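This report describes the fold, the helix packing, the pockets and selected loop residues of one protein model. The sequence and the structure are shown first.

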Amino acid sequence: MARRPLASRPLDLIYFCFFVIHIPASLMIDLHAILPKAIAPQFLTEITKSYIALSGDPLIAGANNFFGSGYVFAWFRSFLWIELLFQLPMFFFGARALWKDSPSIYLPMLIYAASTTTTLLPCLATVLAVPTTEDAKIAYATAAVTDGQRLLLLSSYVPFLAIPLIMTLDMALRLSKLIHGEKRSSMDKQKKKL
């Protein structure tokens, strides 16, 4: 089968851009929380602090121990390890395979997308549940956001849920078509032999 240009495959183009955009976000913001502080470059620390000051992101702040001990956010830190060990390599592998129009990427993308959708739901629930500064007395070691910060967080978290959810359904359909196509092809070959 001839390689189809990426621009002629709209969903693949969205997935490709999603993977490429996710690489710097993972490296500069998300994974900073699990880097040993001794090897974390100072500029990444400053980027993370600036991001938290702007967004009030309770997840990134909690994982970086901005609210005292990070044990409360151990669940989120475990998601960051999944991001480092599975998702980050998938961004590179996925972007390359999408560029090459390789169907061999469908199963890894399905696994990635289902995993990401599952891990993003509790993150989104946390963003929705954190009190607003108007609702809570801001005390040391308490997470709270303004309405504007919550809107900013939702505008960044929702696409990172929606795209993997669409990807999950899309890859399941593509794999189903491949499997059924192979079955038909195999049955046709058997009929010809008879």
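A residue is termed buried when its relative accessible area is under 20%, exposed when that area is over 50%, and partly exposed in between. D101 has a relative accessibility of 10% and therefore counts as buried. The model discussed here is predicted.

## Overall fold

The protein contains six helices and zero strands. Along the sequence, the order of elements reads α-α-α-α-α-α. Of the 194 residues in the protein, 40% are buried. Among contacts with a separation of 6 or more, 67% are between residues 24 or more positions apart.

## Helix packing

| Helix pair | Angle | Axis separation |
|---|---|---|
| α1 and α4 | about 145° | 9 Å |
| α4 and α5 | about 145° | 10 Å |

Helix α1 spans residues 10-28, and α1 passes α4 in a left-handed crossing. On the α1 side, the contact involves D12, Y15, F16, F19, V20, H22, I23, S26 and L27. Their counterparts in α4 are E83, L88, M90, F91, F92, G94, A95, L98 and W99. By class, the contact of α1 with α4 comprises 13 nonpolar, three polar and two charged residues.

The crossing of α4 with α5 is likewise left-handed. From α4, the residues that take part are W75, F76, F79, I82, F86, Q87, M90, F91, F93 and L98. From α5, they are P108, M109, I111, Y112, S115, T116, T119, P122, C123 and T126. This contact of α4 with α5 has 15 nonpolar and five polar residues, and no charged ones.

The largest pocket has a volume of about 460 Å³. Its lining is made up of 23 residues, and those nearest the centre are H22, D30, Y51, Y157 and F160. Two or more lining residues come from each of α1, α2 (42-55), α4, α5 and α6. By class, the lining of the largest pocket divides into 14 nonpolar, six polar and three charged residues.

Ten residues line the second largest pocket, and R4, Y106, R174, K177 and L178 are the closest to its centre. Helix α6 supplies the largest share of this lining, with five residues. The lining of the second largest pocket consists of five nonpolar and five charged residues, with no polar residues.

## Loop residues

N65 is placed in the loop between α3 (58-63) and α4 (74-100). N65 counts as partly exposed because its relative accessibility is 40%. D101 is located in the loop between α4 and α5, and its relative accessibility of 10% makes D101 buried.

V72 is also placed in the loop between α3 and α4. With a relative accessible area of 48%, V72 is partly exposed. The C-alpha atoms of V72 and G62 are 7.7 Å apart, and the two residues are 10 residues apart along the chain.

The loop between α5 (106-129) and α6 (147-193) contains T146, and T132 lies in the loop between α5 and α6 as well. T132 has a relative accessible area of 6% and so is buried. Leaving aside residues up to four places away in sequence, T132 touches A144, V145, D147 and R150. T146, by contrast, is partly exposed, at 29% relative accessibility. A distance of 10.0 Å separates the C-alpha atoms of T146 and V130, which are 16 residues apart along the chain.

Conventions:
Residues are numbered from 1 along each chain as its sequence is written. This is a predicted model: local features need pLDDT of at least 70, side-chain atom pairs count only at pLDDT 80 or more; totals for chains, interfaces and linings use all residues. Side-chain values use heavy atoms; hydrogens and water are left out. Helices (H or I, at least four residues) and strands (E, at least two) are DSSP runs, numbered from the N terminus. Buried means under 20% relative accessible area, exposed over 50%, partly exposed in between (1.4 Å probe, protein chains only). Axes are lines fitted to C-alpha atoms, for helices over the stretch in contact, and angles run from 0 to 180 degrees between N-to-C directions. A crossing is left-handed if the near helix is turned anticlockwise from the far one by less than a right angle, and right-handed if clockwise. Contact means heavy atoms within 4.5 Å. Ala, Val, Leu, Ile, Met, Phe, Trp, Tyr, Cys and Pro count as nonpolar, Asp, Glu, Lys and Arg as charged, and the others, Gly among them, as polar. On a 1 Å grid over the protein atoms alone, a cavity is a set of points where a 1.4 Å probe fits but cannot get out, and a pocket is an open set with protein on both sides within 12 Å along at least five of seven lines; lining residues have an atom within 4 Å of a point. Grid points are joined across faces, edges and corners, and a volume is the space filled by probe spheres set on the points.
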